[in-house]
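Dear colleague,

Please read them with the coordinates open beside you.

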Amino acid sequence: MSDDRFEDFVRQSAKDYHRPPETPREQMWARIVAERAERKLARAARPSPRQMWIRWGLAAAAVLALGIGIGRGIGPKPTRPLMEVAALPAGNGEQIPAAFELAARDHLRHVETFFTVFQYEARAGLAADQTAGLARNLLMNTRLLMDSPAGRDAHMAALLDDVEVMLAQIASYADSPTPAELRLIDQGIEQRGLLLKLRAAAPAEYGALSAQGVL
Amino acid sequence: MDEREVIARVRAGDAVAERQLYDAHVDRIYRLAYRLAGDDDLAQDFTQEAFIRAFERIEGFRGEAAFGTWLYAIATSVVLNGLRKVKRFREREADLDDAVTIGASSVDADPDLKEKLANAVDDLPLKYRTVFLMHDVEGYTHEEIGVALGVPPGTSKAQLSRARARLRDALAAFAGQWAS
């Protein structure tokens, strides 16, 4: 037997191997057009970075509000008049109610994310329109926490002070910050070691554990 | 019309030109997908995905090779990756093989021998089977196969030679039928 004969035989016989039917041109074309349109719509519906920022901000505010609400509902009731409690000096060793602590740490995690993205954008010379608005939201929540039992812990109070200062700066450069202004804020965050402090105060795994403990 | 002109129109968003490109190449892509998958649904899915990717990436086609060669490379990648993902491919392939063997008898080969050949082709490693089907059955050149699989043409030739050797071994018992 020769190689040529074998190859002819195989070529001839293999034509029946998975012999294709007539190409369903129109059917496939219709599906290609539909699938491309669907993918285009899906891409358009994907949230932009700005929309993501807004969602983060809303989520942060919601978590904080929930934490404070839970704290008021199930936390220890003050045994002294409120004005008297609020007047206590920071760092007096008083235990922070767990719900306030949880809310504070959740807030600090959102602040950390905000600062991280802000630094990235500032270094790239970007300034998203929503940045100042988000800073104002976080600033408001920070001040609420400073006035809450969470703010009576000396370490927490110091951290919240630093956070307030930086958020206030970002919020004040609302409309069109210059690259120099962005650089100054970026340097401020660095010099205070804010990101490190925030990560130490609110480690990522803390949220789930503390939520289990409180709720 | 010159294909380069059609491609330029596709890049400009001309849907008619897209259809022209599709019509020019769809048969070859679908046939190859069907030969490799042995399943009409899979072959259609792979063909569609190949064209969708090609239209999405056409900005990146620089014209260094023929458009067809570039498209076959995309299609081959889609088909081979798809086949690896489809777990039930083997069972479907076997079912369709049976149907094809029973329904088509245009070649004067003994049914047992045809079945044996189909099984032998199935048993080839995917890369050998791909080269064998592309070259010996669908008529692709070694250059086209090389671009499609990302290997030198010499590798394609070597793999075809090994595929044929394996088929010859598998069909040794039937030697008299092609020698006569």
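In this predicted model, the secondary structure of chain B consists of ten helices and zero strands, so that, by the DSSP runs used here, the order along the sequence reads α-α-α-α-α-α-α-α-α-α. Of the 180 residues in chain B, 38% are buried, and among the contacts in this chain between residues at least 6 apart in sequence, 63% join residues that are at least 24 apart.

Turning to the contact between the two chains, 34 residues come from chain B and 26 residues from chain A. On the side of chain B that touches chain A, at least two residues each are supplied by α2 (15–37), α3 (40–57), α5 (89–103), α6 (111–123), α7 (126–137), α9 (153–170) and α10 (175–179) of chain B, with the largest share, eight residues, coming from α2(B).

One residue in chain A deserves a separate look. His18(A), which is found in the loop between α1 (3–14) and α2 (25–45) of chain A, has a positive phi of about 50° although it is not a glycine. Is His18(A) buried or exposed? With 24 other C-beta atoms within 10 Å, His18(A) is buried, because the cut-off for that class is 20 or more.

With best regards

Terms used:
Residues are numbered from 1 along each chain as its sequence is written. Chains are lettered from A and ligands numbered from 1 in the order in which they are written. This is a predicted model: local features need pLDDT of at least 70, side-chain atom pairs count only at pLDDT 80 or more; totals for chains, interfaces and linings use all residues. Two residues are in contact if their C-beta atoms, placed from the backbone, lie within 7 Å. Helices (H or I, at least four residues) and strands (E, at least two) are DSSP runs, numbered from the N terminus. A residue is buried if 20 or more other C-beta atoms lie within 10 Å of its own, exposed if 12 or fewer, and partly exposed in between; C-beta atoms are placed from the backbone.
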